[in-house]
Amino acid sequence: MASPCSAPPTPVPCDDRARPRAGSRRSTSTSVYLSRRSAGMFSKDAGMLFRKNLKVFRQIILQDSRVFKKVWTRHSKSPISYESGRIYFENYRCCFSSIPSRPQHLYQLPKSSKLEKIEDVLLCQSPLVILPRTSDQAPSLLALTAHNWLYRLSTKTGEQLQKVCLSSRYKFRYLGWDVPQETFYIKSVQNKQSPTVRQAGLDNNAMIYLAVFQVFPLEIVAVLEISKRVFGSTVLDVTLSQGVLVVSHSNKTVKLYSFENIVDKFMTRRLVLGEQCQWSGISGTVGESPFGIPVNIHINECPPVLYELPCLDNYMQIGGHPWHVIFTPNHKKHRGTYHICLLKDGTLNSVTSSGRMVRRRFHQLDDDPEKETFRVVEYEDELDLLAVVEVTLRDEKGRANVGLHDNQSGVLMKTVELVESWDVTYTHELFFDQDTIVHIAQEKNNLFSCHVYKSTNERMD
């Protein structure tokens, strides 16, 4: 074996016959990378080392000698969920880790009443900063229950780390990220008037409530009311994204507002979880039952509109630097296309910062036995690979292949054939997470299945 301090082999000149395919990049072999790393020849910069490690890992995954092999299957009578290496069964009561070579059981929560049923969850990863209390920075699952409590559960043991009573007046149902791993919101169901109330001439002004929290540590930012009087009677939905309040209307219009401006202008009082509070003549502890968390932002006039756009299906996303908005214009001819505009002034951009043209379209083919049907596209950001599921009909059963494509060039790098059939009449989800592929499928009689594939060395099997 060559000494780890020996010079790397001299690269062979690349002539036309040995030139890599269009869109690919010449790369040093995995063995050379590992040899250089063991000799300490990489930069001490943690980010660069991490990127080099991922490049090595990608090369290993794509080696011809490695295959994705099915290692585990589990069935359930209730929906199955997957999130960052965790597989959840029985409405998040039962948890398996998909990181080992075969999924391992982590914990089983005790049975709970219907009132404590978990309705929505978010996964909080550990922050980079060190917090005073160890439990505050532990990776956790934020779980919203049917009786308006928010639980923080350990992702390793299921232990309850913290619980917060939200409200005894408003029915909260949905969780979502404002800024991932920094701030999140809890949204109530829409308050709709009953026919009796309308006939009586009573106008219930409040439509939706939002509770906004900071994570690491868990702290309340604000609770606010979205009312018809301020935002109009055509409001359909409300979300938070990157510090922007996004209000969707029934006329296919989406209006954006600065959440920071709303907090600064309309907050009546800052609230702290666990502190005693006097509110409207009632005393209680913030975040404890029955007091909950009162509404501390009262918007009495419409805030300035940052941006307004006609949007098909009221769907849009905010991201990038500087801020951009991605949306589909409100016309059927634009369905399947996305416009990217600079949020500051609405300038239409058609290319990304890397110079690539944005033409992202998905056209699902007819269910023709002679054709492949594209069902799922999943992006693995750490390996920069796209997993594309193609389904064909063979022997009267749907058979799925997962094509792993280079995200920069679109070149097909590897194909994974799924063992189980893919019935296109039922719901399917596919997750590609480094060396793991997870396929969750709904089946007949309202049953669900989870299939796990692992990258293994074919020669060693």
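Trainee: Two strands pair if DSSP finds at least two bridges between them. Over how many bridges do strand β26 and strand β27 pair?

Mentor: Strand β26 (residues 397–406) and strand β27 (residues 412–417) pair over 5 bridges, in the antiparallel sense. Helices (H or I, at least four residues) and strands (E, at least two) are DSSP runs, numbered from the N terminus. Please note that this is a predicted model, in which local features need pLDDT of at least 70 and side-chain atom pairs count only at pLDDT 80 or more, while totals for chains, interfaces and linings use all residues. Residues are numbered from 1 along each chain as its sequence is written, and side-chain values use heavy atoms, with hydrogens and water left out.

Trainee: Which residue stands opposite G403? And what about phi in that hairpin?

Mentor: The residue opposite G403 is T415 in β27. The hairpin has 5 residues between its strands, and G410 takes a positive phi near 85° there.

Trainee: Let us step back. How many helices and strands does the protein have?

Mentor: The secondary structure comes to 5 helices and 30 strands. Of the 461 residues, 42% count as buried; buried means under 20% relative accessible area, exposed over 50%, and partly exposed in between (1.4 Å probe, protein chains only).

Trainee: In what order do β14, β15, β16 and β19 stand in their sheet?

Mentor: The order is β14-β15-β16-β19, in an open sheet with antiparallel pairing. β14 (235–241) and β19 (307–310) stand at the edges; each has a single partner strand, so one side of each is left without a neighbour in the sheet. Neighbouring strands are turned by 20° against each other on average, direction ignored.

Trainee: How many bridges join β14 to β15?

Mentor: There are 6 bridges between β14 and strand β15 (residues 244–249), which run antiparallel. Within this pair, V238 stands opposite V247 in β15.

Trainee: Which helix packs on the sheet?

Mentor: Helix α5 (residues 259–266) does, touching β14, β15 and β16 (253–258). Its direction makes about 55° with that of β16; axes are lines fitted to C-alpha atoms, for helices over the stretch in contact, and angles run from 0 to 180 degrees between N-to-C directions.

Trainee: Which residues of α5 are buried?

Mentor: They are F259, I262, V263 and F266. They cover an arc of only 105° around the axis, which puts them on the same side of α5; the arc is that of the directions from the helix axis to the C-beta atoms. An α-helix has 3.6 residues a turn, so residues three or four places apart point the same way.

Trainee: What do those buried residues pack against, and which exposed residues are on the face turned away?

Mentor: The buried residues of α5 pack against β12 (206–214), β13 (219–227), β14, β15 and β16. The face turned away from the buried side carries the exposed residues E260 and D264.

Trainee: β12 and β13 are new to me. What sheet has them?

Mentor: They belong to an open sheet of 4 strands in the order β10-β11-β12-β13, with antiparallel pairing. Its edge strands are β10 (172–179) and β13, each pairing on one side only. 8 bridges join β12 to β13, and V212 stands opposite A222 in β13.

Trainee: Is N148 buried or exposed?

Mentor: N148 counts as buried, at 6% relative accessibility. Leaving aside neighbours within four places in sequence, N148 is in contact (heavy atoms within 4.5 Å) with residues including V164, Y170 and F172.

Trainee: Finally, how many disulfides does a search of the whole structure find?

Mentor: The search finds 0 disulfides, a disulfide being a pair of cysteine sulfur atoms within 2.5 Å. C124 counts as buried at 1% relative accessibility, and C277 is buried with a relative accessible area of 5%.
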